[in-house]
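The sequence and the structure come first, and the notes follow.

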Amino acid sequence: MLNIKELLDKVKASPYREIVVRAPHTGVVAFAAVKPGEKVHGPRGEFLEKPGTLLAHLTREKNEKSIPAPEKGVIEVVHTQHEGRFVEAGEPLLTIKHYLTRKEVIELILQEALYLFRAPERAKYYFVPEVDQKLKVSGKRSVKVQDGMEFLIVSRMKRETPLVYSGPEGIIYSVYFGRGDNVDEGEPLIGVCPEDQLTVIQDVVARIQSEWEEEA
Amino acid sequence: MDRERRIQGLRDRLTYIQDIFANRDDDSIRLLAAKFGEMMERHRSVPGGTKREELARIDDLFDFSERKLDTTLTPMDRVRIVRHPQRICLKDILENVYDNYTEIGGRGEYNIDPSMLIARAVFSRRVGDKVINQMVMVIGQEKGHGEAFRNGGSVKPWGNAKALHYMKVAETENIPVHTFVFTPGAYPVEDWPGAAQQIARNLYELAGLRVPVVAVFSEGGSGGAEAIGLADRRIMLSHGYYSVISPEGAAAIEAGLRSGDRATPELIEKCARQLRITAEDNLRNGYVDRVLQEPPLGARPYHYDFFRELRRELIQTTNEVVSSVKSMKLYRAMAVRTSKTDDAESIYMRWTLSSSALDRLVDQRQRKFRAMSRHARLDGTGVVSRAVAATKGTIWAAHSFLRYDLLGRQKRRLNAVFEDLGAEAHLVRHKVLMPLKKAMDRMLPGNGGVQPKVGEAVMDRLTRLSCPEDGACLVGSEWAWTSPRSQEDRTISCPNVRTHHCPDLWVPDLFGDFAGVCPSCGHHFPMEYRWYLQNVFDYSESKEFNGQLESMNPLGYEKFDTKLDKAKERTGLKSACITFETSIEEVDAVVAVLCAPFRGGSVGAAEGEKFIRAAERATRKRQPFIAYVHGTAGIRIQEGVNGVIQMPRCTIAVRRYIDAGGLYLVLYDTNSYAGPVASFLGCSPYQFAVQSSNIGFAGPGVISETTGISVPPNYHKAYHALSRGHIHGIWDRREVKKNLHQSLLTMGGRNLYYR
């Protein structure tokens, strides 16, 4: 059984992710005016059409390209020794400390705690009618799945085949696909939670929801 | 009770005046407010204390002040008048001007588009001792003050489609159409049928609509107004405005504002003044036929005299339109022309027209628009050249008639007969000879059955699909003209690098050999218009015409002269439009090019005139007409209505050309937006786009400004336009010439000389 408390403590001990911004290709680096400790933001706008804070320029063959911040965070290190110099691809240029958001933490814990049933091929997935109805009427967490149970329909090229669940017995905790979406191979379809751990997980999620300050 | 109502009426009038003269300090307004406040004070302290005489006195004071203030109205005040919730709207007109009406195609919220109102209305009149009912189709925007679902008179594309539908109904029923323009501009959604394309379709149909059309302008904002405004007679209300763009929009463009910022009120005032948007300005320029005087400070729903005036005007104007083409009019025509008083009602003119009269009507409408905006361009062509051109035109027309109509028709008929006979003969021969041949084949040895062996190499060549090892299947990378940018020694990144992982491109390769096309993902980098002129249209071999037509500053717009001069100097052009005759793979064609570097490819009076002349030339010479749009930002706002009137003018020219049996092809490149797309370009039955171009009605900035909705970054991409049904194909830049030739051979009307 997974020790969720330990996991949460671990996340709390270092509630951030370090993002190393590396040179995407060779070129001469010119840093923008960013200093350690400064806040940067990731892509914004409704369609993420506005790029993040400008971190540096990389020039190769007189082709100047900007390197924007990939996510929100605080600049930790700027490798200023590269300023005006030629670097190779993959050279770390900056480090951004990205504080985990509430959603990310929940996701992180769920990924660890739940059993993820992944898509065997790229297709559209539907629940079989009985499961679908149950999910609709009584909501998620009302359906119990066990090994060998037919619970999904794989729909591809007008061919519909049933899919059998394999994995530990438990309750469907989260559904990761939408109706009519194409799901890539290896993407998680559902997260299954053993019945005895349900209360623990719900508790943890509720606690994170209320306690975690970093929102988005 | 009556007293309370009168006080309420006065209060409304006061707030109206204060709203119209927003932030203007005027003694009359202050006096009115003070007097009204005093009266209210008394009224409150002594209930019923206000005497009838006092009310009458203050009423007179209001009348007097309104008349006085009316003389001080600025253009921007007029804009505020038409936007005011107390302004008359179409519903008021339907109630008060017509004797009866039935709203059709929707009611209130239950409507395809509540901002477009359609009604069958009736004028009931007593002429002599007979009562006559005359039907009209009323089409117009309803601002529906306070009704949010009306969207303030901004019509969505399906609203314009509805208007078009009922115009056709009116045409079928042969009743006149009265249109009422009450719109600040069309709503810029691009869903099918498309904001720009639907307006273009409306204009195209109106250009040849076979019923009398009378338009009344109160608030006319650009494309939205044009969608129902192309009329035989245009009446304008004296306190309305008719403009290419709202003063706020013009100010935002002038100040070069980014989204979110607001222009200062002073700048907006100035733009409103400079755009020449008032009724008198439009009358002087000839874009409206008559101005109908409104009560001081604009008509409000309780001005019943004004409605009577409007009714008389509508009847008289419709009579005029009808009488101008009717064969039997006699004395009535003269009476109609001279009647100034209410007796317009007593002149009866049947509004249904015969087929030949309708032909004359359409022709008259088209001529009327053709003659507009002459003053808004410079024509440097000398008298001699003009005479020569006119003579040449006549000769071409006569030649075309002789060669393609008189002789050509006989020849075609003969050819058709021979073709049919030939086909018959072929079939007969086949039937007779086939058994014979089969028998011979059976008898003679070594004949048939054994196929010659095909070599490996030939086999390979025939079965191979493409040549991936040769790069992007490029055949011949020698262009007649290469961009000067190809001289730069540097690389450039494709904008699709995130999704397609395109490698960086060396600029001399990209602009020299690849014609600005990313070999990895096919993204088209913007290319100079000269590339197309030389590589597609063989400009060096072609014959340019009307090169002397020149853009000018007809409104005396501030600093616009210098901007124009700068554009002329930088591009070496006199206007954004180049027109020439060329031959594409042996097929002669007339080409009009809108070049983006000249003021964004915006269209003004000179561009419109050149375009029209090109269409006329193509008609005379029986040649296909190609519009290559290197880029257009819309109508040139600094020319005001002189620019916007090019929308109906050019559409009429295009319609005449297509009706005459020609082939009108439009090819969009880079960015094409607004007015031209919403008129003479969007109405073409054959519209194509170069890959990676953007096509739309309003740019993303304008959309978020006017509707508050932000659109996805790829909202206007050619592929989206294709999927919405606005264009009919997307071409690779390197294949434009080939595709054009193919189109010339396979598309278009009956009157092309090479058919």
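Arg370(B), Arg377(B), Asp379(B), Glu609(B), Arg613(B), Glu616(B) and Arg649(B) are joined to one another through a network of salt bridges. The structure is a predicted model, and over all chains it holds 68 salt bridges.

**Contact between chain B and chain A**

- The contact draws on 11 residues of chain B and nine residues of chain A.
- Of the area that chain B buries against chain A, 41% comes from Thr491(B), Asp504(B) and Ser710(B), more than from any other three residues.
- Together the two chains bury about 840 Å², and 42% of this lies on carbon and sulfur atoms.
- Three salt bridges are counted between chain B and chain A.
- On the side of chain B that touches chain A there are four nonpolar, three polar and four charged residues.
- Across the interface, 10 residue pairs are in polar contact, with both residues at pLDDT 80 or more.

- One salt bridge pairs Asp504(B) with Lys65(A), and the closest N and O atoms are 3.2 Å apart.
- In another, the side chains of Asp489(B) and Lys62(A) meet at 3.9 Å, N to O.
- Asp489(B) lies in the loop between α16 (456-463) and β11 (491-492) of chain B, and Lys62(A) in the loop between β4 (54-60) and β5 (63-68) of chain A, so this pair joins two chains.
- Asp489(B) is partly exposed, at a relative accessible area of 44%, whereas Lys62(A) counts as exposed at 55% relative accessibility.

**Salt bridges within chain B**

- Asp99(B) and Arg311(B) form a salt bridge through their side chains, at 2.9 Å from N to O.
- This pair links distant parts of the chain, 212 residues apart: Asp99(B) is in the loop between α5 (90-96) and β1 (100-103), and Arg311(B) is in helix α12.
- Asp99(B) is partly exposed at 41% relative accessibility, while Arg311(B) is buried at 9%.
- Arg485(B) forms a salt bridge with Glu528(B), with the closest N and O atoms 3.2 Å apart.
- Here too the partners come from distant parts of the chain, 43 residues apart: Arg485(B) is in the loop between α16 and β11, and Glu528(B) is in the loop between α18 (507-513) and α19 (529-535).
- Arg485(B) is partly exposed, with a relative accessible area of 28%, whereas Glu528(B) is buried, with a value of 16%.

**Backbone geometry**

- Most residues other than glycine have a negative phi, and most peptide bonds are trans.
- The peptide bond from Trp192(B) to Pro193(B) is cis, with omega near 5°.
- Pro193(B) is located in the loop between β6 (177-183) and α7 (195-207) of chain B.
- Lys158(A), a residue other than glycine, has a positive phi near 65°.
- Lys158(A) belongs to the loop between β12 (150-156) and β13 (159-164) of chain A, and with a relative accessible area of 85% it is exposed.
- Leu297(B), also a residue other than glycine, has a positive phi near 60°.
- Leu297(B) sits in the loop between β9 (290-292) and α12 (304-325) of chain B; its relative accessible area is 0%, so Leu297(B) counts as buried.

How values were computed:
Residues are numbered from 1 along each chain as its sequence is written. Chains are lettered from A and ligands numbered from 1 in the order in which they are written. This is a predicted model: local features need pLDDT of at least 70, side-chain atom pairs count only at pLDDT 80 or more; totals for chains, interfaces and linings use all residues. Side-chain values use heavy atoms; hydrogens and water are left out. Contact means heavy atoms within 4.5 Å. Buried area is the accessible area (1.4 Å probe) that two parts lose on being put together, summed over both. A salt bridge is a side-chain nitrogen of Lys or Arg within 4 Å of a carboxyl oxygen of Asp or Glu. A polar contact is a pair of N or O atoms within 3.5 Å; within protein, one must be able to donate a hydrogen and the other to accept it, and residues adjacent in sequence count only if both atoms are side-chain atoms. Ala, Val, Leu, Ile, Met, Phe, Trp, Tyr, Cys and Pro count as nonpolar, Asp, Glu, Lys and Arg as charged, and the others, Gly among them, as polar. Helices (H or I, at least four residues) and strands (E, at least two) are DSSP runs, numbered from the N terminus. Buried means under 20% relative accessible area, exposed over 50%, partly exposed in between (1.4 Å probe, protein chains only).
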